[in-house]
Amino acid sequence: MSRYLLAAVLAFALITVQGQSPVDYVNPLIGTDHMGHTYPGATVPFGMVQLSPDTDTVSYSTGAGYNKDVYAYCAGYQYGDNTICGFSHTHFSGTGHSDLGDFLLMPATGPLKLNPGTKDNPGSGYRSRFSHEREYASPGYYSVMLDDYGILAELTATCRTGMHRYTFQQAGDAHLILDMSAGIYNYPGKNIWQFVRVENDTLVTGYRQTRGWARTRTIYFAMVFSRPVVAYGCENGEEVLYKGFYRKFNERENFPEMAGKELRAWFRFSNETEREQLLVKVALSSVSTEGAMKNLRAEAPGFNFNEIRAQAAKLWEKELSCIKVEGTEKVKRNFYTSLYHAFVSPTVYMDVDGRYRGLDQNIHTAGGFTNYTTFSLWDTYRALHPLFTIVQQERTSSMINSMLAHRSQSVHGILPVWSHHANENWCMIGYHSVPVIADAFLKGIGGFDAGQALEAMHASATYAPYDGIGDYMKYGYVPADLSPNAASKTLEYAYDDWCIARMAERLGSRGLAGIYDRRAGAYANIYDESAGFMRPRLSDGSWQKDFDPLKTEGQGFIEGNAWNYSLYVPHNPEFLIDKAGGPASFAGHLDRLFTMELDEKHIEESEDIDKRGIIGNYVHGNEPSHHVPYLYSYAGMPWKTQERVHQIMDNLYDPAPDGLPGNDDCGQMSAWYIFSALGFYPVCPGNNEYVLGSPSVSEAAIRLENGNTFTVKAQDLSRKNIYVKKVLLNGKLYKKLYIRHEDIMAGGELIFVMGSRPVKIKYLENELPGKNL
């Protein structure tokens with residue numbers, strides 16, 4: 001660590017509370033290597049700004065098809081790189097596709113360079129080499145020494161503003177480059193328009209419009225410098241045929257209005273002495289530059305970097321303290337970093353005055369709720385949103401209101417599928433706003449119009465043009481000859497329909513509940529008795545030929561093969577147990593899944609994973625199988641669940657840059673770990689049950705928004721003592737293999753008494769999970 005970086009770290013330590021706290025166990029660099037796709041930069045809980053370094057400029061396409069290398073840069077950063085191109089203000093956390101990377105800033109000294117260069121020849125552009133030895137990240141803060149320039153770069157953030165502090169080792173002129181054309185998953189033509197105004201010698205405003213994963217996206221900024229600009233200019237990399245009468249001016253230097261599709265602006269500052277600092281504040285808005293200025297004045301009116309950093313750390317301390325855990329150093333680092341990643345998104349998407357850009361591209365005002373975006377719902381309905389129903393209930397209500405607002409602004413009249421920045425990007429399958437809303441409603445979370453929500457759920461489930469829904473309603477399954485990933489769609493639509501039925505039932509709409517209860521049985525229509533797997537079916541009723549249950553591609557499934565996806569009937573595991581020939585046979589089938597060997601060919605064909613995310617043929621690196629280890633308990637064999645969850649936690653999660661088994665997917669991979677470490681998991685969101693597993697924390701205190709505390713203890717837990725001998729709930733012997741949401745919210749104490757040997761007993765039917773489905 002350089003003396004400059006060390007000084008920055010020590011200076012902050014003087015203004016923080018001594019002793020270990022949840023923030024101290026978070027390492028934002030976890031998941032930044034390989035397929036985790038997290039970013040290490042500065043953000044606050046659910047913040048609109050994600051200010052983080054970008055380590056390369058790989059394009060989605062150069063005009064000749066998809067460039068597979070771009071996949072590694074979904075978060076803009078790869079730990080294995082040794083150069084930094086700059087620091088941009090918007091990023092996704094853990095996704096397998098991408099966008100954003102707005103308003104990249106890069107400080108530099110020496111000759112002005114306005115192209116980023118390449119990782120193989122960094123000196124050819126403005127990027128800089130760096131070393132992890134001189135890099136540091138903590139919640140709300142990031143710093144790195146830019147070796148080529150001798151500049152210490154530090155980043156922190158408020159909800160809507162990013163703050164940079166650059167310390168220059170040498171005196172002399174320095175540049176700050178604003179690359180308006182830089183972005184994540186760039187391609188020729190993605191930048192529709194860019195506009196920059198130099199309002200005065202310390203204030204710059206502007207916006208850009210892009211066509212990427214979000215097809216119609218506009219984002220504004222206001223940037224303020226702590227010192228006046230000496231000179232400035234820009235280059236526009238596009239070929240401009242018509243210049244109009246702007247040809248009267250030299251637009252390349254000291255002209256206060258810049259416009260084009262490939263803008264790279266520069267601002268020159270004079271450093272009179274060594275170790276001078278330049279502070280830069282950048283506020284964002286989806287509404288206007290005026291909105292960005294309001295956000296900046298409200299959240300970062302001054303230039304006290306350490307104060308903003310301390311505020312960010314305090315916000316993280318507050319959020320992470322909702323669960324206080326004890327355990328080994330590894331467990332605490334994994335747990336709190338997982339909780340950190342779980343609280344990064346969805347992200348706030350409105351100005352301080354409540355205004356935001358809607359799906360219709362008009363400006364709306366959020367009335368009585370905070371508007372959110374970044375809904376990766378195919379991933380997050382499984383565990384992240386159920387986690388929020390325990391520790392983020394107020395935000396859950398706002399997120400549901402955001403979904404309902406999305407629906408009211410949608411020309412299609414449906415809830416979000418995968419939405420970000422005032423756009424529906426239509427990624428993945430299902431209508432998984434439905435289980436998020438139903439799960440919250442059935443757990444007693446209010447603050448939204450339940451009748452309107454049910455209407456929106458019904459509209460989404462009957463929108464025939466979308467992704468085979470019309471055929472699903474016609475045939476009772478999605479035919480594989482009419483729609484890709486048909487088997488996966490059938491299974492997920494069936495579960496979503498079950499959620500609609502439960503909400504309709506609670507609201508007294510018995511007719512609607514009956515319709516969706518019937519639709520919820522669609523999984524049975526694609527179960528092939530002869531093969532013993534779910535299998536894609538054609539519109540004539542026949543099975544798709546050349547069926548390979550180990551293969552994903554071309555087999556009617558997405559991010560999972562038939563071995564994994566056939567176990568996706570969360571609302572009726574009894575069906576699976578019965579078809580397997582009973583509990584013992586079903587458990588044996590699960591055993592084979594975890595112990596069989598998946599060959600290299602089939603691994604290579606799998607999406608978004610490699611060996612690091614697989615145990616046997618069980619694919620933990622993708623979401624469809626996350627509930628599978630808990631299915632043993634439905635067969636009355638919880639000791640096997642206990643073995644498997646520890647096998648996964650111990651082997652697939654590690655407090656290291658490559659410590660995630662796959663994409664974190666906006667917190668879902670982390671949410672699985674959080675639940676499993678606590679000793680229970682939501683196999684079927686919407687039934688208010690959490691299936692018991694085996695904790696990896698020795699103790700946890702969950703501080704609930706209603707003022708209660710629910711405590712989990714694992715007595716005698718050790719590396720060998722992973723089996724549950726008995727469970728006590730509020731001091732009484734508890735024989736059920738699940739706990740209900742109401743029990744947690746009431747507060748109390750759940751004690752797991754641990755041992756080194758499986759406890760194999762016969763369970764009564766009412767003690768098994770899923771019996772009230």
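Two strands pair if DSSP finds at least two bridges between them. Strands are DSSP runs of E with at least two residues, and helices are runs of H or I with at least four, both numbered from the N terminus. This is a predicted model: local features need pLDDT of at least 70, side-chain atom pairs count only at pLDDT 80 or more, and totals for chains, interfaces and linings use all residues. Residue numbers start from 1 along each chain as its sequence is written, and side-chain values use heavy atoms, with hydrogens and water left out.

Three strands make an open sheet in the order 30-31-36, with antiparallel pairing. Strand 30 (680-681) and strand 36 (738-740) are the edge strands. Each of them pairs on one side only. Strand 30 and strand 31 (residues 689-692) run antiparallel and are joined by two bridges. F680 stands opposite L692, a residue of strand 31. Strands of a sheet pair through backbone hydrogen bonds, either parallel or antiparallel.

## Salt bridges

A salt bridge is a side-chain nitrogen of Lys or Arg within 4 Å of a carboxyl oxygen of Asp or Glu. The structure holds 36 of them.

| Pair | N to O distance |
|---|---|
| R217 and D102 | 2.7 Å |
| R252 and E235 | 2.9 Å |
| K713 and E749 | 3.1 Å |

Accessibility is sorted by relative accessible area: buried means under 20%, exposed over 50%, and partly exposed in between (1.4 Å probe, protein chains only).

Take R217 and D102, whose side chains meet in a salt bridge. The pair links distant parts of the chain, 115 residues apart. R217 belongs to strand 13 (residues 217-225). D102 sits in the loop between strand 3 (86-88) and strand 4 (104-109). Both R217 and D102 are buried.

The side chains of R252 and E235 also meet in a salt bridge. R252 lies in the loop between strand 14 (231-236) and strand 15 (257-260), and E235 in strand 14, so the pair ties together parts 17 residues apart in sequence. R252 counts as exposed because its relative accessibility is 55%. E235, at 37%, counts as partly exposed.

The salt bridge of K713 and E749 links distant parts of the chain, 36 residues apart. K713 is in strand 33 (residues 709-715), E749 in strand 37 (residues 748-755). K713 has 26% relative accessibility, so it counts as partly exposed. E749 has 25% and counts as partly exposed.

Salt bridges that share partners also join D56, D81, K119 and R127 into one network.
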